[in-house]
Amino acid sequence: MLILTRKIGETIRIGDDIVLSVMEIRGNQVRLGIQAPRSVTVHRQEVYDQIQDQNLEAAQLQTTDKQLIQNLWQNSALKKANNEPGRKPEA
Amino acid sequence: MKIQTTRFGELNIPEDRVIEIPDGVLGLPDSTSYILLEHDSEGTPFNWLQAVDNPDLAFIVMDPHLVVDGYTVQFDDDAVERFGTEKADDSFGMLAIVNVPREDPVKMTVNLRAPIVVQLQKRLGQQVVLPDDYYPIRHLLFPEAGDKEKAGKK
């Protein structure tokens with residue numbers, strides 16, 4: 001891994017069209033500015049990982065899972081139709 | 001055209017209904033052609049988004065507007081250009097991926113943070129990751145389901 005030291009206001013250029021700027025340093029937090037072409041998607045790593053995990057998990061579902069969802073949906077629609085007051089989960 | 005699926009066997013699908021998702025969905029970049037299967041929704045908003053090129057790959061999806069009133073995805077100019085349209089209009093459809101946790105199935109969730117946005121004329125799609133704090137990745141579909149024990153199990 002390439003490791004570079006930069007000060008506030010200084011930048012790093014990656015390839016021809018990606019610029020990474022150090023905007024602010026506050027305690028153990030660093031604010032970064034990223035300029036990149038639209039073909040490059042930028043995500044926080046943990047958000048990217050979470051969405052990827054959700055996608056991979058969701059891809060495992062079977063028709064029985066769908067049936068379960070549909071049953072719950074129909075029950076809850078029925079409840080609303082009957083004007084039953086919604087139960088609030090207790091703390 | 002005929003496609004193979006593990007869940008539904010061989011299907012004959014109209015070619016002009018295929019949705020191209022050039023980048024795939026996050027974590028599954030290899031499958032880029034999908035078809036929306038609406039055959040078994042039974043009056044509910046849940047459909048399968050089946051990969052055309054991978055028999056095993058399918059997601060349960062739904063329209064996120066049915067979960068949150070006024071659900072909106074902000075399109076910037078870049079995003080509009082990426083989809084190849086002149087302006088953001090009503091010709092976009094949205095599909096949110098539904099998930100069912102193995103350990104507690106009633107706590108099923110829908111991913112409102114990363115909907116698959118489909119340009120309907122070109123049938124061109126992309127999983128768009130919305131900025132933080134807009135909508136959750138795991139939005140409970142049935143918040144009241146956690147209350148089930150009090151309501152009495154069958």
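User: Which residues have the most contacts inside the largest nonpolar core?
Analyst: They are A:Ile69, B:Tyr71, B:Val98 and B:Leu141, and this largest nonpolar core has 35 residues. A nonpolar core is a set of buried Ala, Val, Leu, Ile, Met, Phe, Trp, Tyr and Cys residues joined through side-chain atoms within 4.5 Å. Buried means under 20% relative accessible area, exposed means over 50%, and partly exposed lies in between, with a 1.4 Å probe and protein chains only.

User: And which elements give two or more residues to this core?
Analyst: They are α2 (63–81) of chain A together with β4 (33–37), β6 (58–62) and β7 (92–99) of chain B, and the largest share, four residues, comes from β7(B). Helices (H or I, at least four residues) and strands (E, at least two) are DSSP runs, numbered from the N terminus.

User: Before we go on, what kind of model is this?
Analyst: This is a predicted model, in which local features need pLDDT of at least 70 and side-chain atom pairs count only at pLDDT 80 or more, while totals for chains, interfaces and linings use all residues. Residues are numbered from 1 along each chain as its sequence is written, chains are lettered from A and ligands numbered from 1 in the order in which they are written, and side-chain values use heavy atoms, with hydrogens and water left out.

User: How many helices and strands does chain B have?
Analyst: Chain B has two helices and 11 strands, and from the N terminus on its elements run β-β-β-β-β-β-α-β-β-β-β-β-α. Buried residues make up 51% of the 154 residues in chain B.

User: Switching to the surface, which residues form the nonpolar patch?
Analyst: The nonpolar patch is formed by A:Ile8, A:Ile25, A:Val30, A:Leu32, A:Ile34, A:Val40 and A:Val42, which together have about 590 Å² of accessible area. Strand β3 (residues 29–35) of chain A gives the most to this patch, with three residues. Patches are made of residues with over 30% relative accessible area and no salt bridge, where like charges are joined within 9 Å and nonpolar side chains (Val, Leu, Ile, Met, Phe, Trp, Tyr) within 5 Å. Accessible areas come from the Shrake-Rupley method with a 1.4 Å probe, and for residues only the protein chains shown count as cover.

User: Where is A:Leu32?
Analyst: A:Leu32 is placed in strand β3 of chain A, and it counts as partly exposed because its relative accessibility is 48%.

User: Which residues make up the negative patch?
Analyst: A:Glu46, A:Asp49, A:Asp53, A:Glu57 and B:Glu103 form this negative surface patch. Lys and Arg count as positive and Asp and Glu as negative, while His and the chain ends are not counted; the place of a charge is taken as NZ of Lys, CZ of Arg, CG of Asp or CD of Glu.

User: Last topic, what is phi of B:Arg123 near?
Analyst: Phi of B:Arg123 is near 50°, a positive value in a residue other than glycine. Most residues other than glycine have a negative phi. B:Arg123 lies in the loop between β9 (116–119) and β10 (124–127) of chain B, and it is buried, with a relative accessible area of 15%.

Definitions and conventions: A salt bridge is a side-chain nitrogen of Lys or Arg within 4 Å of a carboxyl oxygen of Asp or Glu.
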